[in-house]
Amino acid sequence: MDRYARWNALLELLTESGRVTVEDAAERLDVSQATIRRDFDQLAQQQMITRTRGGAVANGVSYDLPLRYKTAKHSAEKQRIGAAAAALVSPGTVVGLNGGTTSTEVARALAVRPDLNTSAEGAQLTVVTNALNIANELLVRSRMKVVVAGGVVRPKSFELVGPLGGALLREVTLDIALLGVDAIDPQLGAAAHHEGEAAMNNLMVARAKRVVIIADSSKLGGHAFARICPVERVETLVTDSGATPAVVAAFREAGVHVITA
């Protein structure tokens, strides 16, 4: 297990219990206590945790860990979801894409599709995004037209939020919006932990002809602070095969087409 995988695991342990000792962490991750102490010290320097005598406690990051610490969680499922969501995109269309780990997998799947990477008249794909990492994924790996909304960068997600980006989004029309979310519920709709991200995503929904939510099964039926859109606005939900039949049935009863990858 490399350093970043250990950090991700340690943060998840703290998310679950709020407090963990050096001895317990070393045993659960099968590494030395000296390694855990160094990891705790480095995470504390980044203000991700608070060091205590013999261990560490969570430092208010339980619900919104930075993107770089989330990449290992449900990675296989997110790759399948990304490929399935990218398959919904047609050449020559305008796609809205927000930030997050699942959206990153969608961007990677779009970037390797040859039919979307032509500069022929009328065939070039246009991607509108408010996430710096998504723009980078597409710029370095494809020949698509990439439009980036302005705003203030959220370091935890690399997303741009605020009125500057909203001004741009109000002036464009999207054929399809592919949106990663923190939670989606058959009654409450789609939501995000951060109100600024939710507001930007809501603008994408308002400007899109089709809305597709991309979310691994751990986010289904969950709740988050700020609503993105009601479930009635969602055409399709792309999730993984871990979704229970009851949850899938609830979304279908709400009128949502569900794709399990």
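The legends below describe several close-up views of a predicted model.

**View 1. Helix α2 and its buried face.** Helix α2 covers residues 22–29, and within this helix Val-22, Ala-25, Ala-26 and Leu-29 are buried. When the helix is seen down its axis, these buried residues fall within an arc of 100 degrees, so they line one face of α2. An α-helix has 3.6 residues a turn, so residues three or four places apart point the same way. On the other side of α2, Glu-27 and Arg-28 are exposed. The elements against which the buried residues of α2 pack are α1, strand β1 (19–21), helix α3 (33–45), strand β2 (49–52) and strand β3 (55–58).

View 2. Although Asp-30 is not a glycine, it has a positive phi of about 60 degrees. Asp-30 has a relative accessible area of 70%, and because exposed residues are those over 50%, Asp-30 counts as exposed.

**View 3. Phe-158, in the loop between strands β7 and β8.** The loop that holds Phe-158 runs between β7, which covers residues 152–154, and β8, which covers residues 159–161. Phe-158 is not a glycine, and yet it has a positive phi, here of about 65 degrees. With a relative accessibility of 29%, Phe-158 counts as partly exposed.

View 4. Arg-3 belongs to helix α1, which is made up of residues 3–17. Its relative accessible area is 35%, and Arg-3 is therefore partly exposed. When residues up to four places away in sequence are not counted, Arg-3 touches Asp-39 and Gln-42. Between Arg-3 and Thr-52 there are 21 Å in space, taken from C-alpha to C-alpha, and these two residues are 49 residues apart in sequence.

View 5. Glu-137 is part of helix α6, which covers residues 132–141. Because buried residues are those under 20% relative accessible area, Glu-137, with a value of 14%, is buried. The side chain of Glu-137 is joined to the side chain of Arg-108 by a polar contact of 3.1 Å. Leaving aside residues up to four places away in sequence, Glu-137 touches Thr-104 and Ala-107 as well as Arg-108.

View 6. Strand β9 covers residues 174–180, and six of its seven residues are buried, so the strand is largely enclosed by the rest of the structure. Strand β4, which covers residues 94–97, is joined to β9 by three bridges, and these two strands run parallel. In this pairing Gly-96 stands opposite Ala-177, a residue of β9. Strand β12, made up of residues 208–214, also pairs with β9 in the parallel sense, here over six bridges.

Definitions and conventions
Residues are numbered from 1 along each chain as its sequence is written. This is a predicted model: local features need pLDDT of at least 70, side-chain atom pairs count only at pLDDT 80 or more; totals for chains, interfaces and linings use all residues. Side-chain values use heavy atoms; hydrogens and water are left out. Helices (H or I, at least four residues) and strands (E, at least two) are DSSP runs, numbered from the N terminus. Buried means under 20% relative accessible area, exposed over 50%, partly exposed in between (1.4 Å probe, protein chains only). A polar contact is a pair of N or O atoms within 3.5 Å; within protein, one must be able to donate a hydrogen and the other to accept it, and residues adjacent in sequence count only if both atoms are side-chain atoms. Contact means heavy atoms within 4.5 Å. The arc is that of the directions from the helix axis to the C-beta atoms. Two strands pair if DSSP finds at least two bridges between them.
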